[in-house]
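Please read the points below alongside the model.

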Amino acid sequence: MQLSLGSVFLSLWEKAPLETLLLLSAFLLILAQYLQRMRHLNYPPGPPGLPVLGNFLQVDFKNPQISMQKLAKKYGNIFCTHGGNLTFMMITGLPLIKEVLINQDQVFIDRPQFPIHLYVFKTLGLVMSSGQEWRQQRRFALMTLRNFGLGKKTLEDRIREEARYLTEAIREEKGQPFDPHFQINNAVSNIICSITFGHRFDYHDSQFRQLLKSLDDVMVLEARWECQLFNMFPSIMKFLPGPHQKYFREWRKLGSFVKGVIKQHKEDLNPEETRDFIDAYLKELSKDNIHSSFTEENLVVCTLDLFLAGTETTSTTLRWALLYMAVYPEFQGKIQAEIDRVIGQSRQPTMADKENMPYTNAAIHEVQRMGNILPFNVPRISAFDTTVAGYHVPKGTILMTNLTALHRDPDEWATPETFNPEHFLENGQFKKREAFLPFSTGKRVCLGEQLARAELFLFFTSLLQKFTFQAPPNTQLSLDIRYGLTLSPVSYQICALPRVM
Ligand code: HEM
Ligand SMILES: *[C@@H]1O[C@H](CO)[C@@H](O)[C@H](O)[C@H]1NC(C)=O
């Protein structure tokens with residue numbers, strides 16, 4: 001059989017010219033990409049992958065940590081993987097993390113646009129937006145958050161009031177085993193809700209509980225392999241059933257709730273008074289500036305962003321905190337001793353107490369270090385070509401920073417794998433640590449860091465002032481992880497024993 005490539009091509013061409021043409025162009029495209037990659041031999045190292053699928057099949061989605069671990073071992077502090085037409089660069093170690101997030105923060109300032117987010121948010125909002133739009137929205141959100149009390153007494157009072165509601169709700173459990181997940185979620189969410197929507201939601205409000213459930217669902221769904229496959233092949237996955245469809249449904253529910261709140265705000269908007277973030281945004285909209293990114297659609301996405309980012313992260317951290325307290329009663333005792341000495345039982349904690357409570361402050365930092373809820377930070381993307389550690393990094397490379405490696409670095413932490421508040425103490429005083437970046441760093445650092453820190457301190461001390469947390473009788477608490485957009489504890493039951501009768 002003497003069948004040359006040319007005669008195969010010709011016979012294909014006769015039968016189906018259009019299909020053949022498409023096939024040929026796809027082939028040339030892949031070849032061109034490959035050649036382009038060869039031209040710069042100085043790309044960061046990485047595992048060879050299949051065409052189109054890249055390294056997708058090499059990732060074990062039930063335990064992404066493990067498969068990536070193998071790559072990290074093999075390739076070191078900087079390596080790339082591929083999937084579809086996306087290139088991911090993984091950066092490990094404090095010096096290189098500082099290089100990309102601080103020294104090169106003009107390069108790695110944007111966010112990648114994953115199809116799954118584009119489908120829900122377009123390129124809008126605070127978290128996933130880029131360029132000038134992002135700059136405008138971030139500046140406005142920061143300013144508005146500040147006007148509504150970020151760093152002021154008013155916001156502190158709101159958190160303290162919410163801590164009282166939370167303490168009451170937990171007292172109603174009467175020391176019996178319970179899952180604190182939704183109470184904590186609700187309490188934390190109420191803070192950002194009062195800033196954005198102008199009010200809090202009662203813990204028994206079933207509609208709000210449903211929304212928190214949707215929020216929790218999207219966090220878990222986004223980590224599913226079907227959703228990652230959607231990112232690679234959106235035009236196919238769009239038509240297929242699966243968890244990604246539920247992901248979109250839950251977002252739509254959240255979206256229509258926010259739209260309803262905005263509609264209400266428009267109806268009773270008072271020019272004399274700005275009640276909350278939505279009011280402030282509506283007033284900005286009425287300014288009628290054609291160059292601005294302020295649109296009603298963007299208001300919806302910004303509000304969703306604040307709601308999501310302001311709820312899930314802090315609430316997950318607090319759930320880790322209670323779990324660590326129950327697992328390590330000796331540390332819990334030391335914190336309570338400090339609370340009793342500095343605050344006592346007759347008044348609620350305030351932010352001013354933090355300065356006099358190095359042990360408690362250190363313990364909260366240690367919860368964040370061990371909880372490590374965003375192990376790869378939030379991805380960025382290079383806005384133009386650059387060089388990192390001597391390697392050529394083209395525009396459009398997705399940057400992930402390995403915060404796990406930082407938070408568990410044996411050169412930085414005395415006992416990296418075990419909970420130990422001493423990591424943040426020196427001669428009994430609180431000690432800041434460079435290798436601690438749960439909120440990330442640089443120009444795109446977490447927008448809610450200050451708010452989150454206030455919430456963590458006030459909720460945590462208020463709870464430990466009133467309760468001792470313990471495993472239910474005859475059970476052992478597990479520190480196992482539930483994988484999702486954040487690493488959270490698997491759901492647990494705990495007992496909150498009142499400290500004073
Ligand atoms: C313990 C709690 C929290 C943790 C660990 C956390 C962590 C992070 C991290 C790692 C980022 C990515 C930063 C980067 O790309 O370099 C981020 C971004 C963000 N966070 Fe937080 N966060 C927390 C709480 C909050 C709260 C309470 C809010 C509410 C205002 C919030 C709002 C945001 C927003 C809007 C962004 C996107 C900022 C941007 O892209 O410009 N976060 N957060
Ligand atoms: C991140 O760092 C941790 C801890 O060193 C390591 O186990 C993991 O494999 C790293 N992951 C990647 C993707 O580099």
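How many nonpolar, polar and charged residues does the lining of the largest cavity have, by class?

1. The lining of the largest cavity has three nonpolar, three polar and two charged residues. Ala, Val, Leu, Ile, Met, Phe, Trp, Tyr, Cys and Pro count as nonpolar, Asp, Glu, Lys and Arg as charged, and the others, Gly among them, as polar.

2. This is a predicted model, in which local features need pLDDT of at least 70 and side-chain atom pairs count only at pLDDT 80 or more, while totals for chains, interfaces and linings use all residues. Residues are numbered from 1 along each chain as its sequence is written, chains are lettered from A and ligands numbered from 1 in the order in which they are written, and side-chain values use heavy atoms, with hydrogens and water left out.

3. The largest cavity holds about 50 Å³ of space. A cavity is a set of points, on a 1 Å grid over the protein atoms alone, where a 1.4 Å probe fits but cannot get out; lining residues have an atom within 4 Å of a point. Grid points are joined across faces, edges and corners, and the volume is the space filled by probe spheres set on the points. By this rule there are three cavities of 30 Å³ or more.

4. Lining the largest cavity are Lys 354, Asn 361, Ile 364, His 365, Gln 368, Arg 453, Leu 456 and Phe 457. The largest share, four residues, comes from α16. Helices (H or I, at least four residues) and strands (E, at least two) are DSSP runs, numbered from the N terminus.

5. The second largest cavity, of about 40 Å³, has a lining of six nonpolar, one polar and no charged residues. Its lining includes Thr 317, Leu 318 and Ala 321. Helix α14 (296–327) gives the most, with three residues.

6. Cys 446 lies in the loop between β8 (429–430) and α18 (449–466).

7. Four strands form an open sheet with mixed pairing, in the order β1-β2-β6-β3. Two strands pair if DSSP finds at least two bridges between them. The edge strands are β1 (78–83) and β3 (380–381). Two bridges join β3 to β6 (residues 398–401), and these strands run antiparallel. Arg 380 stands opposite Leu 399 in β6.

Definitions and conventions
On a 1 Å grid over the protein atoms alone, a cavity is a set of points where a 1.4 Å probe fits but cannot get out, and a pocket is an open set with protein on both sides within 12 Å along at least five of seven lines; lining residues have an atom within 4 Å of a point.
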